[in-house]
Each structure stands twice: as C-alpha cells, then as structure tokens.
Amino acid sequence: MVDIDAAIGYVVAHGDPVERARLSFLRTRQAPPPHIVERIAAGQIASGGWPASTDGVIPSVDATCFRLNELDDLGGLHGDVVDRALGWLASVQRLDGTWQENESLAAEAPAWAMPGDPEATLYLTALAGFWFTVAEVEVNPQLDRETRFPNTMQAAAAFFVSQLNPDGTWPSFLATGWHAAGLLHAQQFFYESARMQLVLGDRLHDMTPADVASMAAALRRVNLGDDWLLQEARKKLAATQRTDGGWDSAEGPIFDVNTTLTVLRACR
C-alpha cells in the first residue's frame, strides 16, 4: 500500500506555500487562506486565461488548464476566477470542437501544445474537455442535471470519438488517453471510454510514476469508480514510492512535490 503518512511528510518538508495549502485541502478539506488563491488568480489576464509564462500576455489553453488543476486541489473550482477561465476556454474552442494554442505561442510551446500539430490538438481537446467536465462534477457530482456547457463538452467528445482507432488507441500522447476517457464517460460514450481504459491498462507497466498518478487522479475525479484500473494503478504507485515518501516527476526534481500531491489526490 501507498505510505500516505510518508507522502504527507514529504510535501510538508519540501512544498511551497501553495503546495502545502493543496495538501491541507486534500487531507482535511480545509479551505486555503485567501492569499493562496489570490496568488494563483494574480496571473490571470483580462480575457480569463493564464499565459504560458509569468511575463506572457497571450493566454494559453495548457497553462489555463494547469491553473484549474491547482485551484481544484484547493477546493476553489468555483467562483469568478474559474467562471472567467471557463468562459475564455469556451470562447476559443474551434468550430470542430477542438482547441489549439494561439499561433504566436509556437516558438515557446512544448510538443503537446504546439499550434497546428494534430497530436497536440487532440491532447488539448481532451484536456480542456476534461476540465469542463470536472467543473460540472464540482457543482453536480452525478451529472444528473443539465450542465452549464453542454455544447462545449459534447463537441469536444464527438470530435475525439471521430479520431479513435478501432482498437481503442488514439493518435496522440499518452496523457491524452486518461483525460479523454473521463470526458467521454461523462458524455455517455461509455463504450469508447471503456476501450480506452483497457488500452491504458495494457500500457500501465511502462508508465512513469507521474503518469500513473495523473491517470488515477483524473479518473477518480470524474467518478469512474474504484475499478480494476485504479486498483492496479495504486499497486504500481506503492511499488514506486521512494524511501523519503515522494515520487519522481518526469520533469525533474522541482516537480516531485506536485507528483506526490497528485498521488495523494489519486489515493484519497
């Protein structure tokens, strides 16, 4: 089993104020001090999105979804800041249901957010559609009432289904899979979501701890249940926990605390 106490100790010892506030909410649902949320909101630009860098002026789909993730861990996926972010995301969704980054960001964009790249387009579509889904789960946990952004999520899900291969694989990055599986499940593409989960299960043994944590946390967040995939994911996380209580990030030691918080979110 995952050593939760050791993981908590690692975040307390190595986390910054925002990360420690995220830990408090994950552990006890304690609301963060106002200045913690204000610190995140301070980077939001007038249109409602966040730029890819602290000195940027062009909002980024990827960066905005990252901030929504942070706010979700703080119990703050509601209110004016989030409404403006979702409003901006909805306004830049393309007519075919997809999202792409602004072309002006091409010079600094990572592979998964490269404007015009088909794999990046599919990833950003799954990612943005997933966070719309999470925002709806926040106010309607069973998704049994009319949602606030039905056309936005339906268009994203329909596009993604059109790109799925017959064997359940997808022509994009690994992380696209678990975000899309959550989006498709919420939009009642149950068969397509289940096929994707089978593919994710087949690839579990090759995933990094950070990928396993992100997948499990995402699928838990949209109420897919405590099924076989999540159980296997937790087994792998238990096997890859370091002796200091943390987990390795795929992006270097500076992100190890974030990965450890994601594990806690997956196992809470």
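Glutamate 101 touches Pro59, Ser60, Val61, Asp62, Ala113, Pro115 and Leu124, leaving out residues up to four places away in sequence; touching, or contact, means heavy atoms within 4.5 Å. I begin with this residue and shall then turn to the rest of the model.

Two remarks on the basis of the work. This is a predicted model, in which local features need pLDDT of at least 70 and side-chain atom pairs count only at pLDDT 80 or more, while totals for chains, interfaces and linings use all residues. Residues are numbered from 1 along each chain as its sequence is written, and side-chain values use heavy atoms, with hydrogens and water left out.

The pLDDT, the predictor's confidence in each residue from 0 to 100, averages 92 over the protein, and 96% of the residues score at least 70. Helices are DSSP runs of H or I, at least four residues in length, numbered from the N terminus. Confidence is lowest in helix H3 (residues 34–41), with a mean of 88, and highest in helix H1 (residues 4–14), at 97.

To return to glutamate 101: its place is in the loop between helix H5 (80–91) and helix H6 (118–139). Its side chain is joined to that of serine 60 by a polar contact of 2.7 Å. Such a contact is a pair of N or O atoms within 3.5 Å; within protein, one must be able to donate a hydrogen and the other to accept it, and residues adjacent in sequence count only if both atoms are side-chain atoms. Buried means under 20% relative accessible area, exposed over 50%, and partly exposed in between, with a 1.4 Å probe and protein chains only. Glutamate 101 is buried yet has no salt bridge, and arginine 94, the nearest side chain of opposite charge, is 11 Å away. Here Lys and Arg count as positive and Asp and Glu as negative, whereas His and the chain ends are not counted.

Aspartate 73 meets arginine 22 in one, at 2.8 Å from N to O. This pair links distant parts of the chain, with aspartate 73 in helix H4 and arginine 22 in helix H2 (residues 17–28), 51 residues apart. Aspartate 73 also meets arginine 265 in a salt bridge of 2.8 Å, N to O. Arginine 265 lies in helix H12, 192 residues from aspartate 73, and both of these residues are buried.

By way of contrast, consider arginine 84 and aspartate 80, whose salt bridge spans 3.3 Å, N to O. Because they are 4 residues apart in helix H5, about one helical turn separates them. Arginine 84 is partly exposed at 30% relative accessibility, and aspartate 80 is exposed at 53%.

A network of salt bridges links Arg242, Asp244, Asp248 and Asp256. Aspartate 256 is found in helix H12 (residues 256–267) and is buried, at 7% relative accessible area.

I close with the interior. A nonpolar core is a set of buried Ala, Val, Leu, Ile, Met, Phe, Trp, Tyr and Cys residues joined through side-chain atoms within 4.5 Å. In the largest one, of 76 residues, Phe160, Trp178 and Met215 touch the most other members. H6 gives this core its largest share, 11 residues. Helix H8 (residues 174–186) is mostly covered, with 12 of its 13 residues buried, and Trp178 is among them.

Methods:
Helices (H or I, at least four residues) and strands (E, at least two) are DSSP runs, numbered from the N terminus. A salt bridge is a side-chain nitrogen of Lys or Arg within 4 Å of a carboxyl oxygen of Asp or Glu.
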